[in-house]
Amino acid sequence: MGASKSRCNSAVEEEEQQLNERVAAGDTSAMFELSQRYLSGWWRPPAPTETTGTTAQTTGECTTKGLTLLTQAAGGGHAEAMCLLAELHRDGRCGLARDLDRACALYERAGNGNRMWYVGWLFYRGGGAETCDVEKAVAVWKRAADMGDDGAMAELGWCYQYGICVERDVEKAVALYNMAIASNERRHSWRLGVCHLLGEGVERDWGKAVELMQKSGNDVNATAHVAWCYLCGGCGVERDPVCAVALLKGCGSNRASVFLGFCHERGIGVDMDPSKARELFDEGKKYPDGAEALGEIAQFLWRGDCGVPTDRKAAVGYFQMGADGGDPISIAAALLSESQVEVPRTTGSG
């Protein structure tokens with residue numbers, strides 16, 4: 001048993017020596033590999049013995065050495081090292097301070113638009129050490145979209161559709177949605193479906209809207225919007241509140257919860273229960289998609305659209321709830337009175 005352990009320690013030392021020789025020669029792949037071993041806890045040099053004289057290292061020392069090697073590899077242009085270092089900055093791990101700007105810069109340098117898209121969402125939502133910064137989120141999504149990330153294209157399209165930190169341009173929004181769909185039809189078709197539902201940048205076509213939403217399959221946003229069509233009818237499908245409620249209950253998204261709150265408020269497909277409605281609204285507006293859903297309902301009520309009778313007094317209340325949740329469009333719309341300019345449309349982003 002002792003001989004076997006000795007051979008194992010010897011093999012570890014030999015491997016460490018080979019990796020360190022490659023590191024000394026400037027091999028960034030070796031730097032990255034060795035850094036992962038130190039940071040993950042896989043690599044723990046053996047305790048000192050009379051024959052080896054190896055100096056044992058603490059967990060903290062291993063983490064410091066791992067970060068040093070990882071930083072060197074990233075500085076040498078190793079893409080995977082850049083992404084791992086970005087992840088550590090993004091999440092504030094291994095003793096590094098949470099720094100979304102640093103994480104985004106590293107992802108961009110590594111050419112990883114998809115992870116930049118996610119950092120944009122962190123800026124958009126706020127939380128952690130950051131407050132919500134929509135302007136910075138849009139700037140990140142622009143750069144990620146230029147790198148070809150379909151998620152960033154879709155989010156940027158939403159910004160152009162509703163004028164979020166950019167000049168409103170529905171045609172550009174539709175073009176971005178189509179580009180995103182070309183990369184991932186299942187993920188993004190529902191967005192263009194909502195455009196057809198509202199007649200935003202494309203011809204209004206409820207049948208096409210439902211078709212596009214259903215292409216997104218089990219996407220929770222698509223399911224919630226299809227459920228809305230069944231809830232109110234008049235959107236190219238026959239009204240079926242029972243089916244709508246079943247879809248919303250099985251959806252599991254914040255947007256669906258808010259739509260379900262509307263059902264409880266009005267007694268559509270379920271028993272009327274204002275307390276339950278308020279509970280669902282209060283919980284939903286804590287999240288971006290829930291706050292956006294409140295703005296969507298407000299739009300329908302304001303315009304008497306998508307099977308919902310006009311009720312501008314109720315619409316103002318929904319815009320206020322959306323604004324309380326931080327939805328940028330609802331914030332703008334809530335400042336307008338019924339006697340002022342027309343309230344803009346608002347639809348959720350994702």
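Biologist: What percentage of the 350 residues in the protein is buried?

Modeller: This is a predicted model, where local features need pLDDT of at least 70, side-chain atom pairs count only at pLDDT 80 or more, and totals for chains, interfaces and linings use all residues. Residues are numbered from 1 along each chain as its sequence is written, and side-chain values use heavy atoms, with hydrogens and water left out. Buried means under 20% relative accessible area, exposed over 50%, and partly exposed in between, with a 1.4 Å probe and protein chains only. By that cut-off, the buried share of the 350 residues is 48%.

Biologist: How many helices and how many strands are in the protein?

Modeller: Both are DSSP runs, numbered from the N terminus: helices are H or I with at least four residues, strands E with at least two. The counts are 18 helices and zero strands.

Biologist: Among contacts between residues at least 6 apart in sequence, what percentage joins residues at least 24 apart?

Modeller: Contact means heavy atoms within 4.5 Å. Among contacts between residues at least 6 apart, the part that joins residues at least 24 apart is 52%.

Biologist: Is α7 parallel, antiparallel, perpendicular or oblique to α8?

Modeller: Two packed helices are described by the angle between their axes and the distance between the axes. Axes are lines fitted to C-alpha atoms, for helices over the stretch in contact, and angles run from 0 to 180 degrees between N-to-C directions. Helix α7 (residues 134-146) and helix α8 (residues 150-162) pack at about 130°, with axes 8 Å apart. Angles under 35 degrees count as roughly parallel, over 145 as roughly antiparallel, 65 to 115 as roughly perpendicular and the rest as oblique, so α7 is, relative to α8, oblique.

Biologist: How many charged residues does the contact of α7 with α8 have?

Modeller: From α7 come V138, W141, K142, A144 and A145; from α8 come A152, M153, E155, L156, C159 and Y160. Ala, Val, Leu, Ile, Met, Phe, Trp, Tyr, Cys and Pro count as nonpolar, Asp, Glu, Lys and Arg as charged, and the others, Gly among them, as polar. The contact has nine nonpolar and no polar residues, and its charged residues number two.

Biologist: Is M153 buried or exposed?

Modeller: M153 is found in helix α8. Not counting residues up to four places away in sequence, M153 touches A145, G148, L176, M179 and A180. The C-alpha atoms of M153 and Y177, 24 residues apart along the chain, are separated by 6.8 Å. The relative accessible area of M153 is 7%, so M153 is buried.

Biologist: What is the relative accessible area of A175?

Modeller: A175 lies in helix α9 (residues 170-183). A175 and G201 are 26 residues apart in sequence and 9.3 Å apart in space, C-alpha to C-alpha. A175 is partly exposed, at 38%.

Biologist: What handedness does the crossing of α12 and α13 have, left-handed or right-handed?

Modeller: Helix α12 (residues 220-232) and helix α13 (residues 241-251) pack at about 160°, with axes 8 Å apart. That makes α12 roughly antiparallel to α13. A crossing is left-handed if the near helix is turned anticlockwise from the far one by less than a right angle, and right-handed if clockwise. For α12 and α13 the crossing is left-handed.

Biologist: How many nonpolar residues does the contact of α12 with α13 have?

Modeller: V220, T223, A224, V226, A227, Y230 and L231 of α12 meet P241, C243, A244, L247, L248 and C251 of α13. By class, one residue is polar and none is charged, while the nonpolar residues number twelve.

Biologist: How many polar residues are in the contact of α11 with α12?

Modeller: Helix α11 (residues 206-215) packs on α12 at about 145°, with axes 8 Å apart. The contact is made by V210, M213 and Q214 of α11 and A222, H225, V226, C229 and Y230 of α12. Six of these residues are nonpolar, none is charged, and the polar ones number two.

Biologist: Which helices are included in what covers the buried residues of α15?

Modeller: The buried residues of helix α15 (residues 274-284) are A277, L280, F281 and G284. They cover an arc of only 100°, taken from the directions from the helix axis to the C-beta atoms, which puts them on the same side of α15. The cover includes α14 (254-266), α16 (288-303) and α17 (312-324).

Biologist: What is the phi of C94?

Modeller: C94 is found in the loop between α4 (79-91) and α5 (100-110). At 29% relative accessibility, C94 counts as partly exposed. C94 is not a glycine, yet its phi is positive, about 55°.
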